[in-house]
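Student: I would like to learn how to read a model like this one. Can we go through it feature by feature?

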Amino acid sequence: MSDFTSEFWNWYIAVLTVVSIIGCAVLLWMQTTRRAPGAKIDTTGHVWDEDLQEWNNPLPNWWRWLFYITVVFSLVYLAFYPGLGSFRGSLGWSQTKQYEDEVKKADATYGPIYAKYAAMDFDKLAGDANAMAIGQNLYLNYCAQCHASDARGAKGFPNLADADWQWGGDPKVIKETILNGRMAVMPPQGAALGPEGVKDVAHYVMSLSGMASDSIRVARGKEKFATICAACHGPDGKGNPALGAPNLTDKVWLYGGSEADIVATLQNGRTGQMPAWKGFLGEAKSHLVAAYVWSVGNKPAK
Amino acid sequence: MNDPLGGQAIAKDLERRGATAAASAGPVKEGELALYAARKKIYPRTVHGLFDRWRWALVWLTQLVFYGLPWLAWNDRQAVLFDLAARKFYVLGFVFWPQDFIYLTALLIIAALSLFLFTAVGGRLWCGYACPQTVYTEMFMWIERKIEGGRAQRMLLDEGPMSARKLAIKAAKHGAWIAVALWTGFTFVGYFTPIKELWGAVASLSTGPWETFWILFYGFATYGNAGWMREQVCKYMCPYARFQSAMFDRDTMIVTYDAARGEPRGPRSRKIAHGAGALGDCVNCGLCVQVCPTGIDIRDGLQYECIGCAACIDACDQVMGKFNYPTGLIRYSTENALAHGWGFREMVRRVLRTRTLIYGAILLGVMAVLAGALYLRVPLKVDIVRDRASLAREVEGGRIENVYRIQLMNTQEVPHRFRIAASGLPGIGVASESEVEVPAATTRQVPLRVQIDPGATAKGSHRFEVEVKAVDDERIVAREQAVFLVR
């Protein structure tokens, strides 16, 4: 609870609250009977429209006691729970504490389940239907926003269901990717290659995947590729998982496989970021998610 | 309300109320009036007669249903079970899901309109014959009568000092009440927890915290309301009681004292022939007041306390019979009938009037809609949610693909295999598994991939339709609209 700027407001609220509650009790007590001098004893003394009178239909006494009980209840409540200025109540209850208690309780309930799975190997987990169901739920909650519900990704977000792994497809590496995140940078090469050079290299890259390409441009592009691109993507264009440099020979295109897309990639570069989940999911949940993601990629495509 | 007695009744009522106020006033000084007063306990006298038999018939009917229904089985399960934890509501052959709450709405509309209709025709019929407050009070009063005796004996017992006998009688009564109340609470919880398992848990004292709470709470409410609170529930707590009175009109049949025939009231010898002498037909025996469960005198005219139970009619008819007078000094009558001296026929003819016809027409309409909707209800629900963050993706062959999560809710108690098909765009087709097995009464969510031919469709968003059909039963089919994005 944030503190008041001065002690005055604390007392202001506390006194106001107590006075109001006691005021309710006093009002109630004063309204138990009504003085109606001169009026017939059985009307409340109110007269509308010349002759319309309100009959007094006394409520049963227990009804009045209900009112007094609410007064007592509010005082007891204020003694136990926060409400009187900055007084925290004798039970020491707070929303934050309640939240923490609930998290602790949930951890105690679900912790052992995750701990059990965290100790299991990936290939065992992939065969465990319960573990995969939990893994899928986690995946759908945290990963599907970018990688899609079917794990086949989207433009700029890698497909996890194929055999192509930008940073390596070993489950341990996948877990590493989930825990710590990845930062992939394709630097812009437009300035270095020039408008024609960009097209030449694009055609060479397309030829690597066996796509239709202009053979003259391919020949020209090959030279430029060897001097500029091979540093990351390797001389044969098969990429380098250690750098996150994609394999260019497998017909898998993260940012689109048309000539225009590849030209744009070369011209302007690309930046991809996988956020780190260590702080949010923690070790055990990440282990399960990694197992699930790995199992999706290892299933035969349907 | 139009009062045939005019000022006389008001004066009488004032007198009666004045007496109550004075008696309970205690510390109230002169010129003051008490806004709260001690409740005066009511000892209704037992009465038998036509309307009493009607009430007991409804007590039996409603309570046989209430206590018996949870024990009925339907195939392998409880026939009526509201499984809150699983959010499934079993009613005979139906399994309702939270998505089906619209049916409950229709049911509540039917209940409300029935209340309007019955009230417009016959006053507080609900209060007098079918309301749980009346029904349980009736049952509890029966127990009270069996254990404590009749009205006079009960009053005598309460006035007398505490003795071993009084203690024993009171203990027996409350014991019996609590037993009925607990059984009622148990039955109530049996609608939400399988009652046979619940019975096992109760027998071994191992009910869960919520089950325990609700058995005790519902039991306590039954015991408190039917045993202790009684007419106070109707007078001070019940909102329906108040608005039902507001729905009377001049043709509503309500429990009425025929003042023109009865006044001037007074005791007389049975030997005097009917009509001879200066007195009206009311012999002023006071039985109508003694049998009244809310402690009013119906001869003072319509009062908000009157729950329309017609006990006073039964009592008065008996007295009239003994005097060889025609019955019906207190009877179901309407304001118009009383004012114009109509007979039963003219009165009944006025049952069909604009108000009741409109209520009746709407009621029949809603009932027909509900029946039709239940008959046509497809035991399959489909929800399609497009993957929010991703746009279209290009797959082999240049085809364009969108990804959805499709939720298949099989609300039938048999497993089904569903075929998913998409239509409405050129070359559209389902690329993911197109047949999905969904177990009985469960939900399954699967990713759905839909592809279209490239080039044939303009950029932007396009509506298309997904049809889900059970492979084994083509009547089970659901169609949902979804959006396909082409970039």
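Tutor: Start with chain A and its contacts. Take the pairs in contact that sit at least 6 apart in sequence: 61% of them join residues at least 24 apart. Keep in mind that this is a predicted model.

Student: Which helices and strands does chain A have, by number?

Tutor: Chain A holds 11 helices and 6 strands. Its radius of gyration is 36 Å, whereas the globule rule gives 19 Å for 302 residues, so chain A is more spread out than a compact globule.

Student: What does the C-alpha trace of chain A span along its principal axes?

Tutor: About 115 × 50 × 45 Å. As for burial, 26% of the 302 residues of chain A count as buried.

Student: Into which domains is chain A divided?

Tutor: Domain 1 covers 7-80, and domain 3 covers 184-274. Domain 2 comes in two pieces, 110-181 + 275-298. Taken over C-alpha atoms, the centres of domain 1 and domain 3 of chain A are 83 Å apart.

Student: What does the domain assignment of chain B give?

Tutor: Domain 1 is 1-38, domain 2 is 42-377 and domain 3 is 380-486. Between domain 1 and domain 2 of chain B, the C-alpha centres are separated by 28 Å.

Student: Let us turn to single helices. How should I read one?

Tutor: An α-helix has 3.6 residues a turn, so residues three or four places apart point the same way. Now check a length. Helix α1 of chain A, residues 7-30, has 24 residues and should span 34 Å at 1.5 Å a residue. The end C-alpha atoms of α1(A) are 34 Å apart, which agrees.

Student: How many of the 24 residues of α1(A) are buried?

Tutor: The number is 0, so α1(A) lies largely in the open.

Student: Next, strands. What is the general idea?

Tutor: In a regular strand the side chains alternate between the two faces of the sheet. For a case, go to chain B. Strand β5 (residues 80-83) and strand β6 (residues 88-91) run antiparallel, joined by 4 bridges. B:F82 is opposite B:F89 in β6(B).

Student: What lies between β5(B) and β6(B)?

Tutor: The two strands form a hairpin with 4 residues between them. In that turn, B:R87 has a positive phi of about 55°.

Student: Last, the interior. How do I read a core?

Tutor: In soluble globular proteins, nonpolar side chains tend to be buried together. The largest nonpolar core here has 47 residues. Those with the most contacts inside it include B:V255, B:C288 and B:I330. Apart from that core lies another, of 46 residues, among them A:L125, A:V289, B:A422 and B:A470.

Student: What is B:C288 in contact with, leaving aside neighbours within four places in sequence?

Tutor: Its partners are B:I298, B:R299, B:C312, B:A315, B:C316 and B:I330.

Student: Is B:C316 buried or exposed?

Tutor: B:C316 is buried, with 31 other C-beta atoms within 10 Å. B:C316 lies in helix α14 of chain B, residues 311-322. Beyond four places in sequence, B:C316 touches B:L287, B:C288, B:L329 and B:I330. The C-alpha atoms of B:C316 and B:G286 are 9.2 Å apart, with 30 residues separating the two along the chain.

Methods: Residues are numbered from 1 along each chain as its sequence is written. Chains are lettered from A and ligands numbered from 1 in the order in which they are written. This is a predicted model: local features need pLDDT of at least 70, side-chain atom pairs count only at pLDDT 80 or more; totals for chains, interfaces and linings use all residues. Two strands pair if DSSP finds at least two bridges between them. The radius of gyration is taken over C-alpha atoms; the globule rule is 2.2 Å times the number of residues to the power 0.38. A residue is buried if 20 or more other C-beta atoms lie within 10 Å of its own, exposed if 12 or fewer, and partly exposed in between; C-beta atoms are placed from the backbone. Two residues are in contact if their C-beta atoms, placed from the backbone, lie within 7 Å. Domain bounds come from an automatic or database domain assignment. The expected span of a helix is 1.5 Å times one less than its number of residues. A nonpolar core is a set of buried Ala, Val, Leu, Ile, Met, Phe, Trp, Tyr and Cys residues joined through C-beta atoms within 7 Å.
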